[in-house]
Amino acid sequence: MAAPWEDVLRNEPAIQEAASVAVDAALLEGVLMRTEGEPNASDVVNYAPFTLLPSAVPSVLFEQAYAVQQDFNLLVDAISQNKEFLEDTLASTIKVDDFTARLFRIHMQVLEEGLAQSVFLGINRSDYMFDCGVDGTPALKQIEINTIAASFGGLTSRTAAVHGQVLKMLGKSKEASRLLPNNPSKGLALGIAKAWELYGSQSAVVMFVVEEVQRNIFDQRCVENELWNRNIRVIRKRFRDVFEKGSLDDAKRLYMDGQEVAVVYYREGYVPKNYDQQNWEARLLLERSRAVKCPDIATQLAGTKKVQQELSRPGTLERLLPGRAEAVTRIRATFAGLYSLDVGEEGDKIAAMAIADPDQFVLKPQREGGGNNLYGEELRQVLEKIRDSPERTSYILMDKIKPQPAINYLLRAHSPLQVSECISELGIFGVYVRQGKEMVMNKAAGHLLRTKAIEHADGGVAAGVAVLDTPYLV
Ligand code: ADP
Ligand code: MG
């Protein structure tokens, strides 16, 4: 899996020079983030962290990840429409996890009232690592699928140009010309635009639901601008604004400040800290509305870790995707070992197995956004402490994926240039639109490669651990 620039990696003067060119190129291309100090102003911005060099990705695994994306779109959509499956799967989790329980209550309330929404839009990102088997052959293994607020589809479209310039500077023009073009934000916007069109009101707007702290605004602007280019109006509002100014009419049409909203695109709302009581009420209002939610609450629940674990049980995929044996095979090939820790004999055995050999596993709570998983000694201690109490049910256990590290340099504002042993995570963006029972769009929309130093077990770009990267297919 070695990249063809091993020869320059230890040439310090060349690397130093390339790094300063890379940073300016990133700023010019718009690989930007607001700063920690001024997270809600664009007066001072900096580059989003990225690798100096592209990382090698086996082309067969890259193609495999693209080839299974439409299957994952179908699967997520099928789960979101399967009331019994979500109910059964999350029954034990919602007894102990208050956040999942609250989402689930909204889901049930909306179903009881009857869905006002008839057009459905899914934007997800399926994340993978390249597991290094005993014989050294890498295999594509899914880490998770993000069904809400999957980010970096915008900024990632700009890293190839930066890495291309770095490679040229280092005398690797041929390699530079092989970097793939990639523009997920365009694909995401096409999905949003399709949903907007099917909603069927020319004057209605698309509403991005955004965070209180908006450091990653430029990533979102990439999608917004694609919509403006299609003459679709975009507004940005927080849950708080929705609580104060949102309303439904008799037909459950959603209005914000008197403007009708066709599509609600959440870039917020996936972790407990996003919600106070008013924000929960705002979320309920949005979910009850006729507007197309991306995602609707059922699709958000389809992306929980507990659902992921249940999908790996023999027979579950077949039940969810009847008559699609090939899709089931492609999906299953990407699964790592996943285990239920529900109270009972099965869970006891699994917990004992993990306690005996903690370095082979990852313990995951029902949380998103990075930094929540437990590894090694910490994993063992937590499992020993909670033993067979119901709290154990709020976690799932997963085989630890072990990629082959590679050398790279991570560029981060205000940090010294340092060589690191790194591992990468590949994400593929999926977009689909369904009208009633009919799928009218189902696509893979582009990719995201994120890389981090091996000493960090967990955490994404927003969490300050991983950095943006570009795949170099080998
Ligand atoms: P989150 O929803 O918080 O992003 P993830 O399941 O994506 O949760 O895990 C966060 C990070 O932890 C991943 O980006 C990856 O670096 C690491 N990780 C997760 N699962 C595994 C695994 N099975 N093996 C190795 N590393 C993992
Ligand atoms: Mg993740």
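This is a predicted model: local features need pLDDT of at least 70, side-chain atom pairs count only at pLDDT 80 or more; totals for chains, interfaces and linings use all residues.
Reader: How much of the accessible area of ligand 1 does the protein cover?
Author: On its own, ligand 1 has 540 Å² of accessible area. The share of this that the protein covers is 94%.

Reader: Which elements give two or more residues to the shell around ligand 1?
Author: The shell around ligand 1 counts 22 residues, and Lys305, Lys364, Gly370, Glu425 and Lys452 are the closest. The elements that give two or more residues to it are strand 6 (138-146), strand 14 (361-365) and strand 16 (395-399).

Reader: How far is a polar side-chain atom of Glu425 from an oxygen atom of ligand 1?
Author: Ligand 1 also has a nitrogen atom 2.8 Å from a polar backbone atom of Ile401. For the polar side-chain atom of Glu425 and an oxygen atom of ligand 1, the distance is 2.5 Å.

Reader: With which residue does Glu425 meet in a salt bridge?
Author: Glu425 lies in strand 18 (residues 419-435) and its partner in strand 19 (residues 438-453), so the pair ties together parts that are 25 residues apart in sequence. Both residues are buried. The N to O distance is 3.3 Å, and the partner is Arg450.

Reader: Is Glu268 buried or exposed, and which side chain of opposite charge is nearest?
Author: Glu268 sits in the loop between strand 11 (259-266) and helix 12 (277-288). Its side chain has a polar contact of 3.1 Å with that of Asn274. Glu268 is buried and has no salt bridge. A salt bridge needs a nitrogen within 4 Å of a carboxyl oxygen, whereas the nearest side chain of opposite charge is 6.8 Å away, that of Lys273.

Reader: How many residues apart are Lys172 and Asp7?
Author: Lys172 and Asp7 form a salt bridge, with their closest N and O atoms 3.1 Å apart. Lys172 is buried, with a relative accessible area of 10%, while Asp7 is exposed at 55%. Lys172 is in the loop between helix 7 (159-169) and helix 8 (173-176), and Asp7 is in helix 1 (residues 6-9); the pair links distant parts of the chain, and the separation is 165 residues.

Reader: What is the relative accessible area of Arg253?
Author: Arg253 meets Asp249 in a salt bridge of 2.9 Å, N to O. Asp249 is partly exposed, at 24%. Arg253 is partly exposed too, and its relative accessible area is 30%.

Reader: How many salt bridges does the structure hold?
Author: A network of salt bridges links Lys306, Glu310, Arg313, Asp342 and Glu346. The structure's count of salt bridges is 31.

Technical notes
Residues are numbered from 1 along each chain as its sequence is written. Chains are lettered from A and ligands numbered from 1 in the order in which they are written. Side-chain values use heavy atoms; hydrogens and water are left out. Helices (H or I, at least four residues) and strands (E, at least two) are DSSP runs, numbered from the N terminus. Buried means under 20% relative accessible area, exposed over 50%, partly exposed in between (1.4 Å probe, protein chains only). Lys and Arg count as positive and Asp and Glu as negative; His and the chain ends are not counted. A polar contact is a pair of N or O atoms within 3.5 Å; within protein, one must be able to donate a hydrogen and the other to accept it, and residues adjacent in sequence count only if both atoms are side-chain atoms. A residue is near a molecule or strand if one of its heavy atoms lies within 4 Å of it. Accessible areas come from the Shrake-Rupley method with a 1.4 Å probe; for residues, only the protein chains shown count as cover.
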